[in-house]
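Open the model in your viewer and keep the sequence panel beside it. The tour goes from one selection to the next.

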Amino acid sequence: MSSPLDRPVPRTATRPFSGGGPARPGSERSIDLPSRLAVRACGTDRSHDSHEGPAGPDEQHSPDSPSGLLADILALHDALAAEPSLEPGPRTDALFTALVALAVAPRAPQEVDAVLADPRLTERLPDLRARCATGEYALERAWAHRVLAADDPHTALEAFPYLRNYRDLTRIEYHAVAGHAPRAPRRALFVGSGPLPLSALLLARHGVRVDAVDIDPEAVELGGRLAAALGDDVRVAAGDVLDLGDLADYDLVCVAALVGLDPGDKAAALAHVRARMRPGALVLARSAHSLRGLLYPVLEVAGGDLGGLDPVAVLHPHTDVVNSVVLARVPA
């Protein structure tokens with residue numbers, strides 16, 4: 001699945017994802033977050049939260065304290081877990097919007113460290129990321145159907161609320177690769193392209209010949225039709241990252257953030273890719289940093305998460321772009 005969602009900072013009260021499913025903004029219904037679920041409304045009344053210990057005098061009046069922030073995140077997770085469906089709609093759009101707003105807001109490192117180290121969050125974090133992935137897929141799927149049903153697919157795609165974020169991220173990635181290689185990439189593989197394969201399509205518009213694979217048959221079908229409808233030279237095929245064969249013809253392999261939600265699975269995927277690429281070729285893996293790790297898995301470059309690849313650069317955008325970019329090279 002692609003990331004999308006590189007989930008952008010919502011500029012309106014609509015969802016932080018993209019289209020119909022994940023593009024919760026695609027529902028085109030404005031949501032009054034303060035009345036439904038303000039960014040901090042989940043933590044306003046914490047007296048009912050059995051997980052929350054007694055607040056000190058400072059924390060009682062400080063929604064920005066680590067204790068208050070943690071309570072908000074846990075409440076959002078519980079609310080998402082209670083939803084019967086994560087398809088786009090007013091309620092789920094509001095919940096995801098609030099979660100993204102919390103994740104991307106600038107915060108002091110000590111506050112972030114305190115929240116991320118809390119065992120109540122570490123216990124729920126895998127489930128929270130999995131629910132974000134489910135919502136993102138639903139959003140992408142809905143927007144894919146919307147674009148395909150339009151008389152003018154190009155115009156319909158321009159209405160996608162987070163298209164600019166995808167463009168920004170892809171541009172960052174392309175120039176990072178071009179700046180660390182003897183020449184700009186000519187052929188690339190995008191792993192985990194999703195039902196709305198914007199990343200693959202936008203990379204192709206930089207003059208790169210792009211192939212895309214996804215493990216989900218529906219994503220492959222929708223992604224292939226979308227590429228054809230938009231006239232982009234991107235071939236979309238079914239494939240599990242661990243079943244990929246010879247990759248020596250690719251200058252670059254991009255691995256979406258949601259390919260391998262577990263660190264061990266991510267490392268295994270990158271190790272498999274590394275073993276099938278030629279020495280010196282580049283691998284780009286999407287990651288996250290700080291509280292953005294609530295939404296996407298975090299690649300620990302200094303640890304064993306890169307599957308034997310040599311790290312080249314790590315970029316952490318502090319803009320609307322949610323994903324971090326990890327660029328690595330296949331060792332000789």
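Select helix α10, residues 217–230, in this predicted model. Glu 221 and Arg 225 both lie in α10, four residues apart, which is about one turn of the helix. The two form a salt bridge, with 3.1 Å between the closest N and O atoms. Glu 221 is partly exposed, at a relative accessible area of 40%, and Arg 225 is partly exposed with 40% as well.

Next, select Arg 164, Asp 168, Arg 171 and Asp 320. Salt bridges with shared partners join these residues into one network. The count of salt bridges comes to 19.

Now select Glu 87 and Arg 141, whose side chains meet in a salt bridge (2.4 Å, N to O). Glu 87 sits in the loop between α3 and α4, and Arg 141 in helix α6, 54 residues apart. Glu 87 is partly exposed, with a relative accessible area of 35%.

Of its 15 residues, 13 are buried, so the rest of the structure largely encloses α4.

Move to Glu 173 and Arg 286, which form a salt bridge (2.7 Å, N to O). Glu 173 belongs to helix α8 and Arg 286 to strand β5, so the pair ties together parts 113 residues apart in sequence. Are these two residues buried or exposed? Both Glu 173 and Arg 286 are buried.

Helix α8 supplies the largest share of the lining, four residues. By class, the lining has eight nonpolar, two polar and one charged residues.

Methods
Residues are numbered from 1 along each chain as its sequence is written. This is a predicted model: local features need pLDDT of at least 70, side-chain atom pairs count only at pLDDT 80 or more; totals for chains, interfaces and linings use all residues. Side-chain values use heavy atoms; hydrogens and water are left out. Helices (H or I, at least four residues) and strands (E, at least two) are DSSP runs, numbered from the N terminus. Ala, Val, Leu, Ile, Met, Phe, Trp, Tyr, Cys and Pro count as nonpolar, Asp, Glu, Lys and Arg as charged, and the others, Gly among them, as polar. Buried means under 20% relative accessible area, exposed over 50%, partly exposed in between (1.4 Å probe, protein chains only). A salt bridge is a side-chain nitrogen of Lys or Arg within 4 Å of a carboxyl oxygen of Asp or Glu.
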